[in-house]
Amino acid sequence: MFSAFRTLMGRDLLLAMRRRSDLFTTLFFFVIVVSLFPLGIGPEMNTLRLIAPGVFWVAALLASMLALERLFAVDYEDGALEQMLLAPQPLFVLVLAKVTAHWLVTGLPLVLMAPLLGLQYDLSSEALGVMVLSLLLGTPALSLIGAIGAALTLGLRGGGVLVSLLVLPLYIPVLIFGSGAVEATASGLGGQGHISMLGAILVLSLLLAPLAASAALRISVE
Amino acid sequence: MLEVAGLACIRGDRKLFSDLSFRLEAGELLHLHGHNGSGKTTLMRTVCGLMKESDGEIRWNGESIHRLGEDFTRDVVYIGHKNGIKDDLTGVENLRVCSALDGNPITERQAWDALERMGLMGHEDLPSRVLSQGQKRRVALARLLVNKSRLWVLDEPFTALDVAAVDFLQSIIRDHINSGGMVILTTHQEVRITREQVKELQLGWKEVGHV
């Protein structure tokens with residue numbers, strides 16, 4: 001079971017390395033969207049500090065969604081997904097392996113890039129730290145929740161738009177607690193509660209999302 | 001032993017087949033016949049468990065395949081129209097990943113040997129993207145050489161293969177049958193195996209001369 005997890009995750013990471021152009025699109029999207037606001041608003045430090053948490057989190061949300069489409073679609077087209085369903089392994093483990101690889105490739109770079117981008121918004125070092133922590137807890141949850149939507153819309157025409165309609169509402173709690181944590185820290189209230197909630201959301205989605213996505217994949221392949 | 005009882009399949013509003021029953025014992029091959037759209041692929045995917053049957057039951061060694069779950073999928077290898085190989089991976093990598101997921105990891109050496117036997121000598125470490133259709137098919141079929149599953153479900157395995165590869169595949173299938181394996185396959189070619197081991201099943205029916 002663990003070797004299957006490792007094999008599939010390794011395969012997806014290897015595939016991502018061989019297609020590096022796909023790898024950077026999500027990251028650049030995030031960087032550009034976040035950088036557009038200071039350019040548009042101008043050097044109003046107070047305004048920028050105020051909007052920073054929201055901008056970062058909305059950008060992370062959209063970037064994560066942008067990458068969702070590719071999560072299962074390629075496997076579906078070349079038949080590797082059928083073989084996954086027929087492999088004598090628990091399907092949720094395989095789904096978890098794919099989502100983990102997907103997050104390492106599309107989510108983790110955003111987390112690492114966030115502190116650098118935060119400088120444009122004049123965020124305090126404390127707020128930046130909480131921003132990274134909240135993204136570190138929040139983006140895996142986004143990938144996990146998104147996997148359900150990606151699995152459900154597999155093979156549908158116009159699946160990309162449908163994914164956003166399905167998944168964005170489910171992202172709202174992550175958005176609220178993620179940007180809430182940074183705001184609370186910046187205003188001196190302390191974001192501990194928000195961070196705990198994000199952790200709880202991550203644990204819950206780790207438990208439930210792979211199962212739900214597995215069920216959705218079985219329906220989609222039929 | 002595979003047992004299909006009273007199987008029915010409905011795709012959309014169309015009933016493809018109903019009340020279909022057959023048994024497949026160790027060392028037997030089931031050759032599915034039928035015109036295009038008669039439900040051959042649907043039947044194979046249903047037998048593998050990829051599709052849910054509308055009615056009836058499929059049993060493996062007397063137990064429903066859905067209840068067996070992984071104990072059944074361990075015994076099955078399905079090669080469909082899609083090869084299921086990754087274009088950006090080499091033949092060796094593809095074969096090793098497939099085998100590991102099948103719960104039967106192989107060494108790099110074994111993968112090279114299998115691909116060489118499959119006639120891909122000199123192409124083992126090229127990305128599958130640059131291979132021809134027939135060569136991609138060979139990579140997918142190389143799984144049969146390293147797999148220990150007892151039931152092979154092969155959907156049109158001979159498409160895109162050249163004469164030599166078809167002969168080789170026929171011999172692999174023959175060996176598998178002779179060693180007590182089971183095969184379900186569709187093909188429009190003659191299967192060269194002794195008659196008593198082959199069962200034929202005709203799906204759908206059209207008058208002679210109709211296209």
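**Fold and chain contact of a predicted two-chain model**

Chain A is built from 10 helices and 0 strands, where helices (H or I, at least four residues) and strands (E, at least two) are DSSP runs numbered from the N terminus. Read from the N terminus, the elements follow the order α-α-α-α-α-α-α-α-α-α. The radius of gyration of chain A, taken over C-alpha atoms, is 18 Å, close to the 17 Å given for 222 residues by the globule rule (2.2 Å times the number of residues to the power 0.38), so chain A is as compact as a globular protein of that length. This is a predicted model, in which local features need pLDDT of at least 70 and side-chain atom pairs pLDDT 80 or more, while totals for chains, interfaces and linings use all residues. Residues are numbered from 1 along each chain as its sequence is written, with chains lettered from A and ligands numbered from 1 in the order in which they are written.

Along the principal axes, the C-alpha atoms of chain A fill a box of roughly 55 × 35 × 30 Å. Of the 222 residues in chain A, 46% are buried, that is, have 20 or more other C-beta atoms (placed from the backbone) within 10 Å of their own.

Turning to the annotation, the unreviewed UniProt entry lists several transmembrane regions in chain A, including residues 21-41 and 161-182; such annotations may be inferred rather than shown by experiment. Residues 21-41 of chain A are 100% helix, with end C-alpha atoms 31 Å apart. Residues 161-182 of chain A are likewise 100% helix, and their end C-alpha atoms lie 30 Å apart.

Note on methods:
Buried ≥ 20, exposed ≤ 12 C-beta atoms within 10 Å, placed from the backbone.
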